[in-house]
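Notebook open, structure loading. I want to look up a few residues and jot down what sits around each.

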Amino acid sequence: MVDPKHSKPIKSKKAIYRGIADSQVMTKTEKQKVKRRYERELRKLQIELVKLQEWVKQKHLKIVVIFEGRDAAGKGGVIKRITEFLSPRICRVAALPTPTERERTQWYFQRYVTHLPAGGEIVLFDRSWYNRLGVESVMGFCDEHELIEFSRSCPEFERMLVRSGIILIKYWFSVSEEEQRKRFEARINDPLKRWKLSSMDLESRRLYHKYSEAKDKMFAYTDIKQAPWYVVDADDKKRARLNCIAHLLSIIEYKDVLPKKIKLPEPEESIKYVRRPYHEQTFIPEIY
């Protein structure tokens, strides 16, 4: 396995913008060129993800990937590209809702433990137990004692997961104040995305600097050797997706065990069976 702390950065850091100045406003042709380059690189990475999936299945690996970061930082976009061509039986997303009254009385990590992977599974946490040091801390949903207890327990909990054989990877998606504002405004102006904005999102915008302080404290307590934090510069969504997936693939050792191409058999002839006539079946209207 590659040691991520000392691994070389991806050579093609700005490959999709090759030949285009940073300060330059792109033309339509240049935007199309960037899109094609991005899609080409993404497909290469997604093929590797399929290879990783087969390796995880064959070797019964247990992988947990945590995606944390500010609202509108692009966590969901990366998760979508990772899972796009993977089997939901092997790779699943855990995006837990607000805890119920019963869950609030449980051990804090309890409701997350039920979503941990068995052998041959990958679980992507779209937000995780780090809600305690993030939204719960900033919004006052937990008291000082609970914060102290979490800060003490979390590193030990994660070390226990690693000792149990789970590969635990943690990503923090970092987005600037200006870029977050642009993305929130885009959601407000797009009826297809407006549902993504909640009252909590608006509060997170107002409390931007308090969230910065909370994130720094979180790193101070939980950036441990056994499960370090990896920060993704997410101001550019396309580059963030490519860089994150490439990094994920670089820190999990795997081999290509994809099945070889097979020959598709022809259907056997049915001599006695007569199928029901088409006109006796109810088809949906063909309006397109």
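Contact here means heavy atoms within 4.5 Å.

Before going on, I note that this is a predicted model, where local features need pLDDT of at least 70, side-chain atom pairs count only at pLDDT 80 or more, and totals for chains, interfaces and linings use all residues. Numbering runs from 1 along each chain as its sequence is written, and side-chain values use heavy atoms, with hydrogens and water left out.

Back to Gln46: I find this residue in helix α1 (residues 28–59); helices are DSSP runs of H or I with at least four residues, strands are runs of E with at least two, and both are numbered from the N terminus. Gln46 and Glu84 are 38 residues apart along the chain, yet their C-alpha atoms are separated by 8.2 Å.

Is Gln46 buried or exposed? Gln46 is buried, because its relative accessible area is 8%; the cut-offs are under 20% for buried, over 50% for exposed and partly exposed in between, with a 1.4 Å probe and protein chains only.

Next I looked up Asp71, which lies in the loop between β1 (62–69) and α2 (75–83). Asp71 is buried too, with a relative accessible area of 17%. I listed some of the residues Asp71 touches, including Phe184, Met200 and Ser204.

Last entry: Val113 lies in helix α4 (residues 110–113). I put Val113 down as partly exposed because its relative accessibility is 33%.

Methods:
Lists of a residue's contacts leave out its neighbours within four places in sequence.
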